[in-house]
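Hello,

Here is the structure I promised to pass on. Please open it alongside this note; what turned up is below.

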Amino acid sequence: MNELILSLSSNAIEAMREAGWNYRPDRQWFERDYYDNFYDNRYEIASDLSDYTGHNVECYDTSIEKGYWYVSLANDTECLEFARRYDAYYDARQRISDALFNRTLVLTKEQHEQVMEMVKRYNKRVVGDQVMIAIPEYATTRNIIAILDALGM
């Protein structure tokens with residue numbers, strides 16, 4: 001049985017490299033290292049990346065508190081699409097980091113009313129005229145960004 005050998009253009013490989021993913025032709029995938037600061041939630045990040053990019057991202061541990069995520073992409077179009085979506089994911093995570101403190105979103109009561117349906121299952125606490133919403137760890141980047149978008153944040 002012949003194994004399909006990928007033939008990717010240098011533009012596709014460069015786009016992935018610029019997004020932080022290294023091409024491994026021997027394994028026919030792209031990979032990105034993770035270290036101790038991402039080790040504990042590496043599987044959740046892989047799942048979140050898969051959800052956000054639309055491509056299956058897996059992780060592999062190489063030693064204690066070190067490993068890499070990897071993704072197999074079939075052609076140039078998928079590489080360019082993944083690189084674009086990964087950059088958008090990175091920007092989205094930065095937006096979330098800027099908007100939340102310790103996974104908590106602080107809103108006015110008026111803002112809360114705008115997203116009440118989106119956060120109805122999240123823990124909330126009202127303090128004065130503010131509503132503090134605890135964003136659970138299972139909330140995906142896509143869901144959190146939808147909340148921020150609805151608020152214009």
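In which loop is Q28 found? Q28 sits in the loop between β1 (22-24) and β2 (29-34). Keep in mind that this is a predicted model.

Two backbone points first. Q28 is not a glycine, yet has a positive phi of about 60 degrees. Q28 is also buried, at a relative accessible area of 14%; the cut-off for buried is under 20%. N102 has a positive phi too, near 50 degrees, and is likewise a residue other than glycine. N102 lies in the loop between α4 and β5 (104-108). N102 counts as exposed, with 64% relative accessibility.

Next, a helix pair. Helix α4 (residues 76-99) packs with helix α6 (residues 141-151) at an angle of about 60 degrees. Their axes are 10 Å apart. α4 and α6 are therefore oblique to each other. Their crossing is left-handed. On the α4 side, the contact uses Y89, A92, R93, R95, I96 and A99. From α6 come T141, I144, I145, L148 and D149. By class, that contact has 7 nonpolar, 1 polar and 3 charged residues.

Last, the core. The largest nonpolar core has 40 residues, and M16, W21 and L105 touch the most other members. α4 gives the most to this core, with 7 residues. Leaving aside neighbours within four places in sequence, L105 is in contact with A99, L100, V131, M132, I133, I135, I147, L148, L151 and M153.

Best wishes

Terms used. Residues numbered from 1 in each chain as written. Predicted model: local features only at pLDDT ≥ 70, side-chain atom pairs only at ≥ 80, totals over all residues. Heavy atoms only, no water. Axes fitted to C-alpha atoms, helices over the stretch in contact; angles between N-to-C directions. Helix = DSSP H or I, 4+ residues; strand = E, 2+ residues; numbered from the N terminus. Parallel < 35°, antiparallel > 145°, perpendicular 65-115°, else oblique. Left-handed = near helix turned anticlockwise from the far one by under 90°. Contact = heavy atoms within 4.5 Å. Nonpolar A, V, L, I, M, F, W, Y, C, P; charged D, E, K, R; others polar. Core = buried A, V, L, I, M, F, W, Y, C linked by side-chain atoms within 4.5 Å. Buried < 20%, exposed > 50% of the residue type's maximum accessible area, 1.4 Å probe, protein only.
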